[in-house]
Amino acid sequence: MGEITKIASFTVDHTVLDEGIYVSRVDGDITTYDLRTRKPNTDDLMDASTMHSMEHMLATYMRNSAIGGDIIYFGPMGCQTGFYLLTRNQTNQEVLKQLKLALKRVIEHEGDIFGNSAVECGNYRTLSLENAKRESERYLKILEALKDPDFKYKA
């Protein structure tokens, strides 16, 4: 086995990374977004229920958005500080616009959380609509406070 190459996300200085939205990488027509809902390396991390609930709700609303057909993947970061969103052929501004709309839809959602059954989910008992709503409100405030984001990691 040859030399191991460090993956791109490990080259970002997580001690200075703030909440926000960043382009993590671009591979041809696919862009990976770092949806950073929490500041890394703090005691303020998402618990498993919040991450899982956000994954169900936000993934569903994003896949049902105007860019839904161009979403490749949405899922949580293992470090409990955010999510990855992979899209194809979308501008940063359109992704941000649709993300904000999806967060608003989570906040306004009434009824059951999406995929809330043993048939649809491998651990449905940890799902909480209130956790998803609370995290959506928190992240939407962060995104709305960004003035003309450049989607770049800060050094």
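1. Two strands are taken as paired if DSSP finds at least two bridges between them. Helices (H or I, at least four residues) and strands (E, at least two) are DSSP runs, numbered from the N terminus. On that basis strand 2 and strand 4 (residues 82-88) pair in the antiparallel sense over seven bridges, and Tyr 33 stands opposite Leu 85 in strand 4.

2. Basis of the note. This is a predicted model, in which local features need pLDDT of at least 70 and side-chain atom pairs count only at pLDDT 80 or more, while totals for chains, interfaces and linings use all residues. Residues are numbered from 1 along each chain as its sequence is written, and side-chain values use heavy atoms, with hydrogens and water left out.

3. Four strands make an open sheet in the order 1-2-4-3, with antiparallel pairing. Strand 1 and strand 3 (71-76) are its edges, each pairing on one side only. Neighbouring strands are turned by 15° against each other on average, direction ignored; axes are lines fitted to C-alpha atoms, for helices over the stretch in contact, and angles run from 0 to 180 degrees between N-to-C directions. Strand 3 is joined to strand 4 by five bridges in the antiparallel sense, and Tyr 73 stands opposite Leu 86 in strand 4. Helix 3 packs on the sheet and touches strand 1 and strand 2; the direction of helix 3 makes about 80° with that of strand 1.

4. The hairpin. Strand 1 (residues 20-27) and strand 2 run antiparallel and are joined by seven bridges. Val 26 has Thr 31 of strand 2 as its bridge partner. The two strands form a hairpin with two residues between them, and Gly 28 in the turn has a positive phi of about 65°.

5. Strand 2. This strand (residues 30-36) is mostly covered, with seven of its seven residues buried; buried means under 20% relative accessible area, exposed over 50%, and partly exposed in between (1.4 Å probe, protein chains only). In a regular strand the side chains alternate between the two faces of the sheet. Here Ile 30, Thr 32, Asp 34 and Arg 36 point one way, Thr 31, Tyr 33 and Leu 35 point the other way, and all are buried.

6. Helix 2. Its 17 residues reach 24 Å from the first C-alpha to the last, close to the 24 Å expected at 1.5 Å a residue; the expected span is 1.5 Å times one less than the number of residues. Buried residues in helix 2 are Val 95, Leu 96, Gln 98, Leu 99, Ala 102, Leu 103 and Val 106. Their cover includes strand 1, strand 2, helix 1 (48-63), strand 4 and helix 3, where contact means heavy atoms within 4.5 Å.

7. Helix 2 against helix 3. Helix 2 (residues 92-108) and helix 3 (residues 129-145) pack at an angle of about 145°, with axes 8 Å apart. Among the residues making the contact are Leu 99, Leu 103 and Ile 107 of helix 2 and Ser 136, Leu 140 and Leu 143 of helix 3. By class, the contact has nine nonpolar, one polar and six charged residues (Ala, Val, Leu, Ile, Met, Phe, Trp, Tyr, Cys and Pro count as nonpolar, Asp, Glu, Lys and Arg as charged, and the others, Gly among them, as polar).

8. Thr 15. This residue lies in the segment before strand 1 and is exposed, with a relative accessible area of 57%. Thr 15 touches Lys 39 and Asn 41, not counting residues up to four places away in sequence. The C-alpha atoms of Thr 15 and Lys 154 are separated by 11 Å, although these residues are 139 apart along the chain.
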